[in-house]
Amino acid sequence: MNRNSQNPKDTPHAPARKGVIIGIFIAALVAVGAAIAFRKGGSPPAPPTETAPPAPPQPKLFVAKPRLSGDPNELPAPGPAPVEPANPNATLPPTRAAVTNLGPPSSKLPPPTPQTQALVTRLSQLDVRNGAVTPEQAAAFKESLAELKQRGAESVPAIKEFLDKNLDLAFGGLAGGKDLGASSLRASLIDALGGIGGADASGALMNVLQSTSVPGEIAQIARVLEQQAPGMASEAATAAAREALALAASGKLGNQDVGPLFGVLTTYGGAGAVGDLERATERWKYYSPIALAQMPDGAGVPSLIQMVQDSKGVSGRAGALQALAQVATTSPEAQTALLQQAQQGRIPFATMMTIADILAGHQMYIGTIPEGANAANTKSWHLTYGNQNFYSLPNTANWTPEMAQQNLQVIDGLLAANKDPGVTELLQRARNTVSGVIKPPAP
């Protein structure tokens with residue numbers, strides 16, 4: 001038989017057998033390639049599919065917060081407070097537990113109307129992604145806010161609905177942010193409730209006061225409610241400020257500036273707030289003394305005297321000495337205590353520099369320098385520890401000759417007790433300033 005001859009039965013299957021072999025070989029190559037691709041970083045990419053374009057990022061509601069660090073013992077050189085850029089990832093601080101004795105809850109409000117909800121939504125969608133507010137944006141914002149006020153009581157449910165969400169949009173640090181007329185969206189809406197007035201608006205404000213721990217918000221609501229009905233919010237505002245200050249002292253409010261809380265306590269707290277201010281001195285060594293000096297009827301003077309006489313509280317004496325100088329012209333006890341400290345040589349030179357300015361007519365205030373103040377006659381300080389911001393302004397324009405004579409009396413007493421030539425120069429300069437304020441009697 002011819003070895004090269006083929007079996008007729010095998011002839012039809014030969015091409016198929018060859019194709020199978022080729023297919024197996026190709027499949028093996030594909031498997032090896034896939035294994036190599038997997039080892040190098042994953043499976044082969046899926047074929048492209050058509051997808052809708054991504055939605056543009058929406059502006060976030062947030063509250064900007066300053067940083068906190070350091071613990072100076074003495075007052076630093078005056079300087080402006082740093083401006084913190086807006087932080088889109090920050091949130092509002094935790095809400096407080098509802099304080100007691102805030103009066104009856106507000107009456108049940110009707111659901112918000114679509115029109116007022118749309119206005120509030122429009123306000124909350126202000127696009128600040130570029131860190132700036134254009135004149136057109138500011139005009140549109142004010143227009144929507146004005147319409148919200150014009151609708152009166154109809155707008156209260158929509159405003160309350162937003163405030164209850166505990167969200168905010170801070171305008172500080174934004175270029176053109178001042179053109180919006182408020183520090184934040186919540187501040188704008190609180191002001192709108194004050195302009196609307198009435199029982200529903202007051203009830204909505206009181207509800208916010210029950211839970212908010214934002215210092216500026218507590219102070220703003222207190223002012224708005226007092227304007228509507230004097231005395232209505234005194235107890236509620238004091239309770240809110242006291243509880244928020246306790247949260248801040250325990251570190252639960254982060255690095256917020258709690259200065260407005262001190263103003264609430266001095267304005268509405270009465271003599272009962274002295275203890276709160278005393279306890280706050282440990283952390284806010286300048287806020288507390290300034291507030292004690294502003295207490296009505298000299299209620300804070302005994303606390304200031306105790307602070308400067310306390311040999312252990314060295315780091316807090318500077319603020320107390322300066323505050324004591326501020327009330328020395330109206331309180332004989334404060335004047336005596338200040339002179340005793342000078343006689344004992346317990347007033348550092350740096351502290352005496354500020355005291356000389358105070359006796360020359362400068363008044364210390366908590367906060368930042370208000371717009372429109374004459375920058376040449378103002379001084380401001382920022383302490384990172386406790387995030388304290390305060391400033392001084394001359395108040396000699398409202399002095400009477402008797403007030404000027406009281407200041408001269410304190411200055412002369414300090415001059416007599418002093419032995420430092422540098423301090424003498426400071427006090428003599430202050431004396432010349434005060435003497436120039438006294439007008440000679442008319443002929």
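Me: Which residues form one aromatic cluster with Trp 284?
Reply: Happy to start there. This is a predicted model, where local features need pLDDT of at least 70, side-chain atom pairs count only at pLDDT 80 or more, and totals for chains, interfaces and linings use all residues. Residues are numbered from 1 along each chain as its sequence is written, and side-chain values use heavy atoms, with hydrogens and water left out. Trp 284 forms one aromatic cluster with Phe 262 and Tyr 287.

Me: How many aromatic pairs does a search of the whole structure find?
Reply: Rings of Phe, Tyr and Trp (its six-membered ring) pair if their centres lie within 6.5 Å; planes under 30 degrees apart count as stacked, over 60 as edge-to-face and the rest as tilted. With that rule, the search of the whole structure gives six.

Me: Why is the pair of Tyr 286 and Phe 390 stacked?
Reply: The ring centres of Tyr 286 and Phe 390 are 5.4 Å apart. The pair counts as stacked because the planes of the two rings are at 15°.

Me: How many residues apart in sequence are the parts that Tyr 286 and Phe 390 tie together?
Reply: Helices (H or I, at least four residues) and strands (E, at least two) are DSSP runs, numbered from the N terminus. Tyr 286 is in the loop between α10 (274-280) and α11 (287-293), while Phe 390 is in strand β3 (residues 388-394). The pair therefore ties together parts whose separation in sequence is 104 residues.

Me: Is Phe 390 buried or exposed?
Reply: Buried means under 20% relative accessible area, exposed over 50%, partly exposed in between (1.4 Å probe, protein chains only). Phe 390 has 0% relative accessibility, so the residue counts as buried.

Me: What is the angle between the planes of Tyr 365 and Tyr 391?
Reply: Tyr 365 and Tyr 391 form a stacked aromatic pair, 5.4 Å centre to centre. Tyr 365 lies in strand β1 and Tyr 391 in strand β3. Tyr 365 is partly exposed at 28% relative accessibility, whereas Tyr 391 is buried at 9%. The angle between their planes is 25°.

Me: Which residues is Ser 234 in contact with, leaving aside its neighbours within four places in sequence?
Reply: Ser 234 is in helix α8 (residues 234-249). This residue is buried because its relative accessible area is 19%. Contact means heavy atoms within 4.5 Å, and the partners of Ser 234 are Glu 226 and Tyr 268.
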